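Have the sequence and the 3D view open as you read.

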Amino acid sequence: MPLGLGRRKKAPPLVENEEAEPGRGGLGVGEPGPLGGGGAGGPQMGLPPPPPALRPRLVFHTQLAHGSPTGRIEGFTNVKELYGKIAEAFRLPAAEVMFCTLNTHKVDMDKLLGGQIGLEDFIFAHVKGQRKEVEVFKSEEALGLTITDNGAGYAFIKRIKEGSVIDHIQLISVGDMIEAINGQSLLGCRHYEVARLLKELPRGRTFTLKLTEPRKAFDMIGVRSGGGRPGSGPQLGTGRGTLRLRSRGPATVEDVPSAFEEKAIEKVDDLLESYMGIRDTELAATMVELGKDKRNPDELAEALDERLGDFAFPDEFVFDVWGAIGDAKVGRF
């Protein structure tokens, strides 16, 4: 339902039900770029943050997902810094870290680390494993992929739709990083950019994907998951609270999201997948924060244009986001 805002950029959905996704999980977590600052909310008024020496010392435990001793990391404020700390702990190049999961070593897209970490969560880092090159014949418009990113320059497969074009190619699995399409490097691209490229590939032609799969532990070899179940909900951390990572300014310790916020984020994340083929709980959380105090869809559209204009969300999507937030407010789950 168009909102009638002539100043808004209009763009058709990038994909019809599947091509991309966010690891605000995705991962698209708090990094510079179209999010214009990585965290939700505008400039904060009041007292400045305390100096580093007076901030609480937060220490997290981590392991490499394929097996390692336990390391301890602290002092990071965004995803890139987190990967750097993990790399230091295990003496790895930071570029080797693909993504992280919380409280499981498996490639479980429901446990993908995004922009929030529970203060008692255990972090498992998945590093680069085997590289592979696969030719794909695009027999249908929709390939059946949902894409997310890690917030630090890597886009990867979060879900494969059962019975889809990609589902019939056993070499392609959930968790694979998409390095290149037809020789065009995708390193540094966001999830929605990768989704657009996949969508624009001509039907009836063959294209080449260069992929890197996460290194697997012995008990993970042979597992090919379809990814998280639709509607399974974002994983925003457990324990006493969450550490919210931001691309600008210090990370902040926040209360565990309320029932309204969790449900609204889940519904908005579902809409992101439906309209754009991406899942990104940090992006969804930002949209919920922007929209929860708006009085009508037009005010929400203005706020989204100001903060997230590069996404060029279609009016129909904005209207549905407004409805999803409203439903969550009144308990219509």
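Is Asn182 buried, partly exposed or exposed? Asn182 is partly exposed, because its relative accessible area is 46%; buried means under 20% relative accessible area, exposed means over 50%, and partly exposed is in between (1.4 Å probe, protein chains only). You'll find Asn182 in the loop between strand S8 (177–181) and strand S9 (184–185). Its phi is positive, about 50°, although Asn182 is not a glycine.

A word on the ground rules. This is a predicted model, where local features need pLDDT of at least 70 and side-chain atom pairs count only at pLDDT 80 or more, while totals for chains, interfaces and linings use all residues. Residues are numbered from 1 along each chain as its sequence is written, and side-chain values use heavy atoms, with hydrogens and water left out.

Ala312 also has a positive phi, near 50°, and is a residue other than glycine. Ala312 sits in the loop between H5 and helix H6 (315–329).

| Residue | Relative accessible area | Class |
|---|---|---|
| Asn182 | 46% | partly exposed |
| Glu302 | 41% | partly exposed |
| Ala312 | 16% | buried |
| Leu283 | 0% | buried |

Zooming out, the protein has six helices and 12 strands; these are DSSP runs numbered from the N terminus, with helices being H or I of at least four residues and strands E of at least two. Of its 333 residues, 53% count as buried. The largest nonpolar core has 49 residues, and Ile123, Ile172 and Leu198 have the most contacts inside it. Apart from that core lies another of 29 residues, including Tyr275 and Phe317. A nonpolar core here is a set of buried Ala, Val, Leu, Ile, Met, Phe, Trp, Tyr and Cys residues joined through side-chain atoms within 4.5 Å.

Now for a helix pair. Helix H3 (residues 259–276) and helix H4 (residues 281–291) pack at an angle of about 115°, with axes 8 Å apart; axes are lines fitted to C-alpha atoms over the stretch in contact, and angles run from 0 to 180 degrees between N-to-C directions. The contact (heavy atoms within 4.5 Å) involves residues including Phe260 and Asp269 of H3 and Leu283 and Met287 of H4. Leu283 and Asp269 are 14 residues apart along the chain, with their C-alpha atoms separated by 8.0 Å.

Glu302 lies in helix H5 (residues 297–308). Between Glu302 and Leu290 there are 9.9 Å, C-alpha to C-alpha, and the two are 12 residues apart in sequence.
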